[in-house]
Amino acid sequence: MDEQTTIQQHKTTSLRGMYQDWFLDYASYVILERAVPHINDGLKPVQRRILHSMKELDDGRYNKVANIVGNTMKYHPHGDASIGDALVQLGQKDLLVDTQGNWGNILTGDGAAAPRYIEARLSKFALEVVFNPQTTSYHPSYDGRNKEPDTLPIKFPLLLAQGVKGIAVGLACVTLPHNFLELIDASIAILQGKTFEIFPDFPTGGLIDISKYNDGLRGGRVRVRAKIKMIDKKTIAITEIPYTSTTDSLITSIVKASEKGKIKIKRIDDNTAKEVEIIIHLPSDVSPDQTIDALYAFTDCELSIAPNSCVIENEKPRFVSVSEILKTSTQNTLALLKRELEIALEEMREKWQWISLERIFIENEIYEKIKPCKTDKDIDDTIFNGLQPFVENLIRQITIEDVHKLRKIPIDRISKYNSDKADDTLLAIEDDMKHIQYDLEHLVEYAIAYFKRIRDKYGKGKERKTEIRSFDYIEQAAVAVANEKLYCDYNSGFAGYKLKEGEYVSECSSIDDIIAFRRDGTFVVKPVSEKDFFGKDIIHIAVFKRNDERTIYNMVYQDGAFGRSYIKRFNVVGVIRGKEYCLTKGTNGTKVLYLSANPNGEAEVITVYLKAKPKLQRLQYDIDFANILIKGRNSTGNVVNKNLIRRVVKKSDGVSTLSAVKIWFDESIGRLNVDERGILLGAFSGKDRILSLYGSGHYRLTSFDLTTHFDDDIVKIEKFNPHKPISVIYYDNTTKRYFVKRFLIEETEKKIAFLEEGGNLTLINVFTDWKPVINIKFENKLAKRPLEDSEVSIFDFVDVMKYKAKGKRLSSNPVKKIEVLPSIPYEEVFTKEDNEKLTLNSDFNGEEGGIQAELFE
């Protein structure tokens, strides 16, 4: 090998220029021509080319997708696969493309059949809204053989209706889909100069929290959830899924969470067809409420989506809010409608001009004057001169094109010309021109009418599917299944769920934190693990509940080897994991003499035994922790004794010294809380329960656990009083009658139906007051004499009966309306008469009596 060849092999090539030019060219091409939609029509290039190709092929009948893909390839240079996938996505959005065949399922994630087996055509909506060759500009296709649209003249906010997701080089675009009807209403609001708000709406339904949507801009985030309902204590059902997920991916995430021990399930049945139905069967020892929260915390039942709205405008990518996109789209629609009206007006003017010229040409027999002409020029001049006296009656000057067109009128038309018909046609055209001119002068009103027409014509079935909610944040540790057993070796100081040689402590989950107190008066909180060192001389170890203010620790400790002893009560709320905390003064030799953990702030009585010494007469005495105030964990405590203590033992259990916890119900998210959000239900302690009543005709008794879930159709919720009857008015759709009944709540953990299931009954009112009052307005159309309104106290009108009873007929006269009046004040002090009324009449199940019997003869 010679020296020159060696030099050529080791020649260095600079990549800087290549990177700056070639890479940026490639990145710009991907951004502009593949991944990001244009702000004018909301379409990516491949989508625009597909729709243009479908319009070329459109004859009203379905076309094979394979044919559409093949025809589109003359516009799109990136192969049939990308075209086919984009067309399937357009078809699944059910807006622009009318499909036939197996196009897959967005709920299950099943793909579409092969292109040769499925068919498509443009929808009626697309044909009306998307295309207009007269307002479309074109440019040559990639090979110069054809022309394709720059953008399509879409008179609708398509980008926001369909949503889009695209990944380019160094740039990503995520615009979420919005509701068809809400977009039209918002466009009308923009034209009217009113304020508006738009929020995402997904074809998969589900729930969405839009509190951090940020108008679709970068930095925003929405949380989406599956819709889950409890069927019974052992079964829950997922009926709607979060956007971007499928039933298959959702089930896979649930199975993985179960395998990791974060949730407990027996089995999953996927009954999804046209609608989602995933049935989850639970073990008998698992709470359905806790499982629902765990599904949101550990599976794809809750997802977070980060919008990043980006469009192409003036050949550059631009990050813009969805509100700005809608405003731009509305103004574009306004401009397109104006241009269409101007074109229509010009066409009407030209039509009027031609009919007028034709009439002048025939009625004045100008065609007779061209007989002696020998050349084309003589003919043109003769016609032109013959028309000149009538120019003042025309819209515009006569052109040579007009003359040539008149020359081509056939003899048959001249011989059969009808002057009256021409007059009628001209009058109709003039009337149309006036209407178009009026619309141009009132363009905003015309655009509003256009949007309303689109809404009325195509809006059926496009109501909002995704329910807007405020979500609470679920703490994973609070809902994780206790799938491990915690063990502790108190001597060595090790603890963990695989420390089999230690003593059993309690059950725990794999994401719990563990708190350990030591003899020297220190404690530490660490995440649970297979085996970890918590320090020697552990005297108490347990699962730590963060922000738990009701767990109170009662402690007695001696300061130093020979110091005084102190007593204190405290809670542990916020800590840093792994950090050592001291509960005493920190003197060397300090030791804890007594420690107890009390989940509900119980205060026991202890006996203190002192070490004997000369002149010390009283060697033991009792102390009640109820007399000790609860303070912070850093407090020193109260002095117990300056003498040395031999031992401290518990003499008797105590009761809680904490006040009952106040519970609120937040209607916006349908959850209980202690943060004073929503309706105050009352103060709860011990075995107190919550009563909830539902529009479906059911009631349910639950604990005041903050993880409790309530159905969406809840109509009443309050603290349960077993002595207070519930009053119900319902309508029997079969007999067309109103009934009223009062019943006491049967205490059970089951969900109870107080209206007959399947009985075609409609719940009208539910009262939880002692003495509700209503006013009945009667339908007087068919009455022989007008019936006056009747005010009725339900307490006096009907006795208490079983919840299964049919109740008492409200009236035999047709009821027009039932008004709720203020209830009669009542204190829960029973008189003999009241007790008789509250006696359960188990035999009453008829419908005789009623207001008709008592108030009307």
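**Note on salt bridges and a helix contact**

1. Lysine 498 counts as exposed because its relative accessibility is 53% (buried means under 20% relative accessible area, exposed over 50%, partly exposed in between, with a 1.4 Å probe and protein chains only). Its partner in a salt bridge is glutamate 530, with the closest N and O atoms 3.7 Å apart (a salt bridge being a side-chain nitrogen of Lys or Arg within 4 Å of a carboxyl oxygen of Asp or Glu). Glutamate 530 is partly exposed, at 43% relative accessible area.

2. This is a predicted model, in which local features need pLDDT of at least 70 and side-chain atom pairs count only at pLDDT 80 or more, while totals for chains, interfaces and linings use all residues. Residues are numbered from 1 along each chain as its sequence is written, and side-chain values use heavy atoms, with hydrogens and water left out.

3. The structure holds 50 salt bridges. One of them joins arginine 223 to aspartate 209, with the closest N and O atoms 3.8 Å apart; both arginine 223 and aspartate 209 are buried.

4. Lysine 371 and glutamate 368 also form a salt bridge, at 2.6 Å from N to O. Lysine 371 is exposed at 61% relative accessibility, whereas glutamate 368 is partly exposed at 33%.

5. Helix α11 (residues 322-363) packs against helix α16 (residues 443-458) at about 105°, their axes lying 10 Å apart (helices are DSSP runs of H or I, at least four residues, numbered from the N terminus; axes are lines fitted to C-alpha atoms over the stretch in contact, and angles run from 0 to 180 degrees between N-to-C directions). The two helices, α11 and α16, are therefore roughly perpendicular (65 to 115 degrees).

Conventions. Parallel < 35°, antiparallel > 145°, perpendicular 65-115°, else oblique.
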